[in-house]
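Subject: Structure handover

Hi,

Here is the structure I promised to pass on to you.

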Amino acid sequence: MTSHVASMGISGISGYPVAVECLITNGLPGFEIVGLPDAAVKEARERVRAAIKTAGFKFPVSRITVNLAPANTKKTGTLYDLPILLSVLAAAGLLRLPEAPSAFLGELSLEGRLRPVNGVLSMAIAAVQSGITTLYVPKSNAPEATLADGLTVIGVEDVGQLAAHLSGQQVLPPEPVWRQEGFGRSLPDFRDVKGQENAKRALEIAAAGGHNILMVGPPGSGKSMLAKRLPSILPDMTRQEALEVTQIHSIMGLVDPRAPLITARPFRSPHHTIYPAGLAGGGAVPHPGEITLAHRGVLFLDELPEFRTDTMEVMRQPLEDGSVTITRAAGSETYPCDFMLVCAMNPCKCGWYGDPSGRCTCRQHDVERYVGRISGPLLDRIDLIVEVPAVPFEELRSRAPAEPSCAIKARVNAARDCQHRRFAGSDTQCNARMDAAQLRELCPLDEACAALMKTAFDSMGLTARSYDRILKVARTIADLDGAKTIEPTHLAEAIQYRTFRIGRS
């Protein structure tokens with residue numbers, strides 16, 4: 001006899017339908033799984049065999065062949081355990097499958113209990129798109145699956161419970177759609193930062209326009225502290241953005257089952273010992289890296305010159321395109337990586353170059369070599385470079401309250417609202433992502449601004465990319481100011497954030 005059970009699979013961060021076909025014939029007893037299964041899928045034979053017996057069914061003593069279609073796509077993971085078990089029982093005539101279009105997924109324990117799997121949201125969304133109306137998943141995965149609109153989700157705890165449901169003995173209720181209760185976790189606030197008004201202003205501009213930023217200063221000046229507070233002033237994610245981020249984190253098993261929808265923008269801060277594959281993604285079977293996990297959020301690289309050169313250079317193309325393509329022998333995958341790059345570094349190895357205290361012990365050659373670890377093309381992709389000097393004692397002991405994040409975020413949201421209206425109907429989300437045509441249309445310069453820009457271009461030796469990025473930053477400053485056009489003051493401030501020269505007093 002034959003049976004057909006619908007399931008789902010994962011390719012990159014997207015789901016796709018998988019048909020689990022089972023044929024039971026006479027012959028020497030055997031249990032084979034075909035359709036490009038990996039080791040975890042092949043081992044499903046023993047888990048399925050044990051789960052069938054512990055659930056009270058008799059395992060068929062026949063030749064069993066299970067095919068996972070499409071057979072030319074690599075199948076990975078343990079999510080096929082449940083559909084394989086159901087296909088075997090259905091082919092043996094021991095279980096009746098539902099008539100409504102239904103799909104099943106889940107890992108089995110030897111006792112027949114269902115364990116959670118990764119990537120459920122992506123598979124649930126793909127199930128809706130392929131016409132599936134009911135999705136059976138492990139109970140702990142059910143809240144996440146309900147985030148896909150238009151799908152009935154049934155949470156299952158064990159095989160016996162599912163068998164009783166399919167036979168009509170004990171109907172399982174659909175999982176209610178998950179709703180967020182209360183507020184998310186609190187974020188570090190800018191009110192804790194003493195002084196550094198220039199750096200705060202630069203971070204406000206970066207948040208308002210989605211710009212990349214580099215902070216340069218001595219140890220203990222507050223660079224990391226400022227960066228960690230950046231998420232508190234970023235605009236809230238839309239539901240579509242939240243679903244995108246949740247899909248990525250679900251694939252990597254980073255979703256909390258109790259709160260499956262990620263509503264706070266990601267903040268990823270990898271250590272400088274990370275390798276290129278960890279940052280950009282990779283592996284024998286391609287998987288997302290840190291730049292993809294930072295999608296719609298912030299990638300913070302502290303101690304930037306300490307990163308490997310090849311690790312830093314892999315960011316150049318993703319910073320421009322907002323996506324990264326990983327090609328391996330097992331296949332090629334494209335992952336989204338639209339993130340804000342926030343970097344921090346010391347001006348030299350000892351950290352005190354240019355400080356008025358004169359504490360620096362580095363020779364000029366050593367300073368230049370240290371700074372030279374960061375390539376010119378990578379620096380050219382950073383919109384704002386800001387100095388973060390040591391905080392004076394008077395500011396540290398001051399009891400005057402600093403501006404809280406909520407006040408800064410209100411200005412950022414107002415600027416983003418202007419950009420949403422400006423880019424309505426296009427794929428552009430913020431000023432930093434303007435293309436060449438939008439830049440020409442939305443960032444015209446009057447005579448005074450053109451003269452100022454020409455002076456800066458000639459004196460600073462700017463590139464065409466630098467020119468464009470200055471215009472984008474100026475447009476963001478104008479949005480924060482509520483101005484319809486770029487004025488000389490806006491342009492002058494944008495130019496100021498590119499005048500700081502690292503490694504030069």
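With which residue does Glu306 form a salt bridge, and how far apart are the closest N and O atoms? The partner is Lys349, and the closest N and O atoms are 3.2 Å apart. By salt bridge I mean a side-chain nitrogen of Lys or Arg within 4 Å of a carboxyl oxygen of Asp or Glu. This pair links distant parts of the chain, 43 residues apart: Glu306 sits in the loop between β14 (298-301) and α12 (309-313), and Lys349 in the loop between β17 and α14 (364-371). The structure holds 32 salt bridges.

A few ground rules before the rest. This is a predicted model, where local features need pLDDT of at least 70 and side-chain atom pairs count only at pLDDT 80 or more, while totals for chains, interfaces and linings use all residues. Residues are numbered from 1 along each chain as its sequence is written, and side-chain values use heavy atoms, with hydrogens and water left out. Helices (H or I, at least four residues) and strands (E, at least two) are DSSP runs, numbered from the N terminus.

Strands first. Two strands pair if DSSP finds at least two bridges between them. Strand β1 (residues 2-11) runs antiparallel to strand β2 (residues 14-25), and 10 bridges join them. Ser3 stands opposite Cys22 in β2. In their hairpin, which has 2 residues between the strands, Gly12 takes a positive phi near 70°. β2 also pairs with strand β4 (residues 63-69), in the antiparallel sense over 7 bridges, and there Glu21 has Asn67 in β4 as its bridge partner.

There is also an open sheet of 5 strands, with parallel pairing and the order β11-β14-β17-β10-β18. Its edge strands, β11 (267-268) and β18 (384-387), each pair on one side only. Strand β10 (residues 213-216) pairs with β18 in the parallel sense over 4 bridges, with Met215 opposite Val386 in β18. Helix α7 (residues 197-209) packs on the sheet, touching β10, β17 (340-345) and β18, and its direction makes about 165° with that of β18. Contact here means heavy atoms within 4.5 Å; axes are lines fitted to C-alpha atoms, for helices over the stretch in contact, and angles run from 0 to 180 degrees between N-to-C directions.

Now two helix pairs. Helix α2 (residues 44-54) and helix α3 (residues 81-91) pack at about 60°, with their axes 10 Å apart. They are therefore oblique to each other (under 35 degrees counts as roughly parallel, over 145 as roughly antiparallel, 65 to 115 as roughly perpendicular and the rest as oblique). Ala44, Arg47, Val48, Ala51 and Ile52 in α2 meet Asp81, Ile84, Leu85, Val88 and Leu89 in α3. These contact residues divide into 8 nonpolar, no polar and 2 charged (Ala, Val, Leu, Ile, Met, Phe, Trp, Tyr, Cys and Pro count as nonpolar, Asp, Glu, Lys and Arg as charged, and the others, Gly among them, as polar).

Helix α17 (residues 405-422) packs on helix α20 (residues 464-481) at about 115°, with axes 8 Å apart, which makes α17 roughly perpendicular to α20. The residues of this contact divide into 4 nonpolar, 1 polar and 4 charged.

Finally, two backbone details. A cis peptide bond joins Ala69 and Pro70, with omega about 5°. Arg296, in the loop between α11 (290-293) and β14, has a positive phi near 70° although this residue is not glycine.

Best wishes
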